[in-house]
Amino acid sequence: MTQDVEMKEQAAPSNSLTSSSPSTLQHLKEIASLIETAAYDREIRRILRAVRLTMALRRKLKPSVLSAFIDFALTPGSEAHSRLSSYLPKEDEHEMEVDTATSAVQASAKHTLPELEIYCYWLVLIFLIDQKKYNEAKACSSASIARLKNMNRRTVDVLAARLYFYYSLCYELTGDLAEIRGNLLALHRIATLRHDELGQETLLNLLLRNYLHYNLYDQAEKLRSKAPRFEAHSNQQFCRYLFYLGKIRTIQLEYTDAKECLLQAARKAPVAALGFRVQCNKWAIIVRLLLGEIPERTVFMQKGMEKALRPYFELTNAVRIGDLELFRSVAEKFSSTFSSDRTHNLIVRLRHNVIRTGLRNISISYSRISLVDVAKKLRLDSVADAESIVAKAIRDGAIDATLDHANGCMLSKETGDIYSTTEPQMAFNSRIAFCLNMHNEAVRALRFPPNSHKEKESAEKRRERQQQEQELAKHIAEEDDDEF
Amino acid sequence: MDPQLTEVSQLFQRFNAAFIRKDYDSCANLLSQLKVLLTKFRSLPPLFENTPNAENELLLAREIYEQAVVLSVKIEDQDAFERDFFQLKPYYTDAGSSRLPASPQEYPILGLNLLRLLVQNRIAEFHTELELLSASALENPCIKHAVELEQSFMEGAYNRVLSARQTAPHETYVYFMDLLAKTVRDEIAGCSEKAYDYLSINDARQMLLFSSDQELLEYIQEEHPEWEVKNGFVFFQKAKESAPSKEIPSLQLINQTLSYARELERIV
C-alpha cells in the first residue's frame, strides 16, 4: 500500500496541487533560492530572512504544497526525500492541475544542499506540529536531529537552532520532556565545540525549560552558572533566558536580581508574544510584592492581560492593605490558578510581607501604640507573637521604631528628611548612567552596509569572484597535500 | 537468592540489631561495609541497569540509606546526614514512581532534610527542595511541620518556633529542633538589641529562654560583651552607637563628575 502511494507521489508531483497553492509554492521556491544564495555566499543574515518569510507562510502550508516543494528541493529517491514524504498525509484524490512539472524535473538533477535538506525537515516538522500529529512530529524531529549531528556548517546553524526548538516542543506537547534531556545535553556539547553560539543559546534555554518543567531548580542553576555565556544573538532566546533566570532567582530568594531579569524579559519580548509577557508579568508582580514594592495599577491594565492578571491584582490589593484575612481569602479563592501557574509556594511566602506592610502602615500612622492593639490590627494570635514580629521588623529595617517592654508598646521614630541624605544624588546618578549607557549601546548597534564606500559590484560578479576565490583556495589546499 | 544480596541483607540485619542496642559505633562500622558492598550492585543509581534482582536490590539499598540518615541524626553528624541524604534522594526522585513502591520513611526524611536546611540557615536551598514536592506531599504532617516552622521563623514569631518542638511529628526531629532553639535565641538577642533600649534582667531572661539569671549573664559575657548590665537592667544602648557624623563623599563625587565629562565628550 505505502509503496503504491509513494510511487504515485514520485511520478506525478505536479498533480497534487490545489488551485490556491501555486502562490504558496512559489513563495517557498523563492525562499529556497534565497537559502541557496545564502549557502553560497555564507551569508547567515539571508537565512534569517528566509526563516522569517517562512513563518509568514506557516498557516498556508498544505500537504500537497509541501510534497511538491520537497520534490522540488530534494532529489527524489534520496533518503531524506522518502522519509519526509512518508510523514505527509496523501491527498491524491484532488483534482490535479499541471503547472510545475518542469521545475521539479530540473531540480531533481542538481545536488541537494544540506541547508535545503534541513529546511525541508523544518518545514515538515512545523506542519506536523500545526496539524497536531505529535507522534509523527517526534519521529521527524528525531530523524532531523540525528542528521544534524553530522553536519558542521555555519549556515546550517540558524536552521538547526529552529529545529532544536521544535524538537523540544513536540516532546513537551506529548509530555515526555525528560526523555530528551540527555540528547539535548549532548547537542549543547556539540554546539559548544563547533562554536555555534546561536545553537548553544537555544539549547541552553531548552535545557533550562526542561529542568524547570520538573521543578529541578537546583540542576537548572548549576547548568546555567557553568554554561559559557556570550552576547545574545537572538532577542527571543535572550528573553527566554532572562525569564528562566528570573524564575530560578526567585526560588532562591534573590529577589532584586530576579525582578530585574523578569522585567527586562517582559519589556524585551515582542508584542505578539502575549502569553510569554503575561507569564513574565505574573512572576514579576509576585517578586515585586516579595520585595515589599507595590506594582502600579497600570501593570494590571495592560492590553489583553487584564483577565489573566486579575487574581494577582486582588492579591496585590490584599498585600497593599496589609490585611491578613483578605490575603487568606484571595489565596483560597484563586488557589487553582496559583497552583496551575506554579506560584503557590511563592504566595505562601507572601504572608510575611502582608504582615510587614500592615506593620509599616501602623508605624506610619501612630507614634505610640500598644502591642495589644498591634496584635489586634494585624490579626495575630498573641501579643508575644506581635512583640517578636515587631522586633524582627525593626532589626530588618522595615520600620523605624523602638519597643518599650515594660509598658508593652511600640514607639515610632520620626522619619528623617530624605533630601538631607545622598539618596537623591544616587538616584539621579543611576538615571544618568542609564541614559549614557543607552546612547553607547545605540552607537555600537549601528550597522553599515558592507563595502559601501568601494565601487559597487553586482551580485553575480561577487558570486563569481567568491567562486574563483574558493577554487583558488582548493587548489592551494591540494598543492599543499601533494607536497606531503 | 543471589549470594551478594543475601550477604548484604544479613549484614543489614546485624546493623539493625546494633541500632536497636544503640551501639552506634558498630553501626557506623557496619554501615561503611554495607556501602562498599552496595557499589557492586549494577541496578542501583546512577546505572539503573535492569538486572533480575533489581527491585529487591533497590528496596534494600533504599532501606539502608534511610537507616544511614537516621543514624547520622542519632550520632548528631550533620555532614554525614547531608551525604547520606544525597545518596538516598535518587531512590525517591528517579526510582520512585516507576520502579519502587513509595517508602513510609520518605516524608519524615524529606521533612528532616528541610529542617536541617533551616537550622543551617540555607533558606534558598530550603525553597529549592520545597519546589520539588507535590501539593499532596505538602499536606503531609512531617513536611507541613517544617514549612510552618520556616514561615514562623521568617515572620519572627519565635515563640511559635519553640512551641513547635512539642508537636514534632517524629522522634528524630528533636535533635534539629534543639539546634533550632539555639539559632532562635541568637536571633532574639539580635532583634532585642535593635528593638529595645533596655530590658529588665527578668524580662531578658524570659525572652532569651534561660532558666536562671546566672545563665543569662554568662551568655551575655560570651556572645554580647557590648551589652551593659546595670541596676537590674540590661542596656543595649552602647551597642547602638550614634550615627557617625556625615562626611561629604568627595571622592565618589569627583569620580562621577569626571565620568560624565568623559561620556559627554564622547557624544559631542
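A polar contact is a pair of N or O atoms within 3.5 Å; within protein, one must be able to donate a hydrogen and the other to accept it, and residues adjacent in sequence count only if both atoms are side-chain atoms. In this predicted model, 13 residue pairs are in polar contact between chain A and chain B, with both residues at pLDDT 80 or more.

**The interface of chain A and chain B**

- Chain A contributes 35 residues to the contact, and chain B contributes 37 residues.
- About 3,400 Å² is buried between chain A and chain B, and 55% of this area lies on carbon and sulfur atoms.
- Three residues, A:N345, A:R395 and A:H405, account for 17% of the area that chain A buries against chain B, which is more than any other three residues supply.

**Polar contacts and the side of chain A**

- Between chain A and chain B there are 13 residue pairs in polar contact, counting pairs with both residues at pLDDT 80 or more.
- On the side of chain A that touches chain B, at least two residues each come from α12 (217-226), α20 (344-365), α22 (383-395), β2 (401-404) and α23 (423-445) of chain A.
- The largest share of that side is from α22(A), with 9 residues.
- By type, the residues on the side of chain A that touches chain B are 15 nonpolar, 13 polar and 7 charged.

**Salt bridges**

- Side chains of opposite charge can pair when their charged atoms come close.
- Over all chains, the count is 32 salt bridges.
- Between chain A and chain B the count is 3 salt bridges.
- A:R351 and B:E155 form a salt bridge, with their closest N and O atoms 2.7 Å apart.
- Within chain A, A:K138 forms a salt bridge with A:D176, and the closest N and O atoms are 2.5 Å apart.
- This pair links distant parts of the chain, 38 residues apart: A:K138 is in helix α8 (residues 134-148) of chain A, and A:D176 is in the loop between α9 and α10 (181-193) of chain A.

**Helices α8 and α9 of chain A**

- Two packed helices are described by the angle between their axes and the distance between the axes.
- For α8(A) and α9(A), the angle is about 145° and the axes are 9 Å apart.
- The crossing of α8(A) and α9(A) is left-handed.
- Residues of α8(A) in this contact include A:Y134, A:K138 and A:L148, while those of α9(A) include A:V156, A:Y164 and A:L173.
- The contact of α8(A) with α9(A) has 12 nonpolar, 3 polar and 1 charged residues.

**Helices α3 and α9 of chain A**

- Helix α3 (residues 44-57) and helix α9 (residues 154-173) of chain A have axes that come within 7 Å and cross at roughly 35°.
- α3(A) and α9(A) make a right-handed crossing.
- In α3(A), the residues A:I44, A:I47, A:L48, A:V51 and A:M55 meet residues of α9(A), among them A:R154, A:V158 and A:Y166.
- The residues of this contact of α3(A) with α9(A) are 8 nonpolar, 1 polar and 2 charged.

Definitions and conventions:
Residues numbered from 1 in each chain as written. Chains lettered and ligands numbered in written order. Predicted model: local features only at pLDDT ≥ 70, side-chain atom pairs only at ≥ 80, totals over all residues. Heavy atoms only, no water. Contact = heavy atoms within 4.5 Å. Buried area = accessible area lost by both parts, 1.4 Å probe. Salt bridge = Lys/Arg side-chain N within 4 Å of Asp/Glu carboxyl O. Helix = DSSP H or I, 4+ residues; strand = E, 2+ residues; numbered from the N terminus. Nonpolar A, V, L, I, M, F, W, Y, C, P; charged D, E, K, R; others polar. Axes fitted to C-alpha atoms, helices over the stretch in contact; angles between N-to-C directions. Left-handed = near helix turned anticlockwise from the far one by under 90°.
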